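The structure is shown first.

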Amino acid sequence: MEVRIDSSWKEILGAEFDKEYFVRLTEFVRAEYGRRTVYPPASKIFAAFDSCPFDKVKVVILGQDPYHGEGQANGLCFSVNPGIALPRSLVNIFKEVAADTGTPPSTDGDLSRWARQGVLMLNATLTVGAHSPGSHQGHGWEEFTDAVVRNLAEKRQGLVFILWGSYAIRKGAIIDRDRHLVLTSAHPSPLSAARGFFGNHHFTRTNQWLQSHGLTPIAW
């Protein structure tokens, strides 16, 4: 698997690609794509990076696994391809966007429109076997995406990190709260959304922060 990723990220993360864990990860992922259906399509593994160069990142949203159903995953966390029915977590995200900002709930689940505005839609694990949630966890992706978070936290200033659920919150523990705004709440999953996701106002709070730092707010 050749690493095809936006040049700005390739420069920042270049050292990771030569590490032993990434070499093993590459072998595992290549073998998985060769023997079974894996999501997202191989060309979309690094879509989050390709649609949001390192120096353009303003906001980071952390997810966990890509969707594992047919045609859903497109390389951006929580996002699905155009024309695909909205997963329940994404329905809840759009409900909160509407309640928080007054924007009508979207019926289009392709969040590349957020990515183009500077929102890095980062899953902790970038691939998954079809209909096998969590099947690619523990093979090195988490170490790679930890490096992504660390580089953003250390080399950029004034970012917004949006962490939904205990998994994302733990992954964001290394972020310096004096340098960045870190927003945390329950996960938008139907199992937990009513326990603190709804009403978190993360979308308006993000835009208030961006505007206070002279940056263009996100059109959610």
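## Arg 113 and Asp 108

In this predicted model, a salt bridge joins the side chains of Arg 113 and Asp 108, with 3.8 Å from N to O. Arg 113 has a relative accessible area of 21%, so Arg 113 is partly exposed. Asp 108, at 34%, is partly exposed too.

Asp 108 sits in the loop between α4 and α5 (112-115). Leaving out residues up to four places away in sequence, Asp 108 touches Pro 82, Leu 86, Phe 94 and Arg 113. A polar atom of the Asp 108 side chain is 3.0 Å from the backbone nitrogen of Asp 110.

Side chains of opposite charge can pair when their charged atoms come close.

Glu 32 forms a salt bridge with Arg 35, and their closest N and O atoms are 2.6 Å apart. The two residues are three apart in helix α2, so about one helical turn separates Glu 32 and Arg 35. Glu 32 is buried at 3% relative accessibility, whereas Arg 35 is exposed at 59%.

Arg 24 and Glu 20 also meet in a salt bridge, at 3.0 Å from N to O. Both lie in helix α2 (residues 20-35), four residues apart. Arg 24 is partly exposed at 47%, and Glu 20 is exposed at 61%.

## Helices α4 and α8

Helix α4 (residues 88-101) packs with helix α8 (residues 202-212) at about 60°, and their axes are 8 Å apart. This angle makes α4 oblique to α8. The contact includes three nonpolar, three polar and two charged residues.

Conventions:
Residues numbered from 1 in each chain as written. Predicted model: local features only at pLDDT ≥ 70, side-chain atom pairs only at ≥ 80, totals over all residues. Heavy atoms only, no water. Axes fitted to C-alpha atoms, helices over the stretch in contact; angles between N-to-C directions. Parallel < 35°, antiparallel > 145°, perpendicular 65-115°, else oblique. Nonpolar A, V, L, I, M, F, W, Y, C, P; charged D, E, K, R; others polar. Contact = heavy atoms within 4.5 Å. Polar contact = N/O pair within 3.5 Å; in protein donor to acceptor, adjacent residues only side chain to side chain. Salt bridge = Lys/Arg side-chain N within 4 Å of Asp/Glu carboxyl O. Buried < 20%, exposed > 50% of the residue type's maximum accessible area, 1.4 Å probe, protein only.
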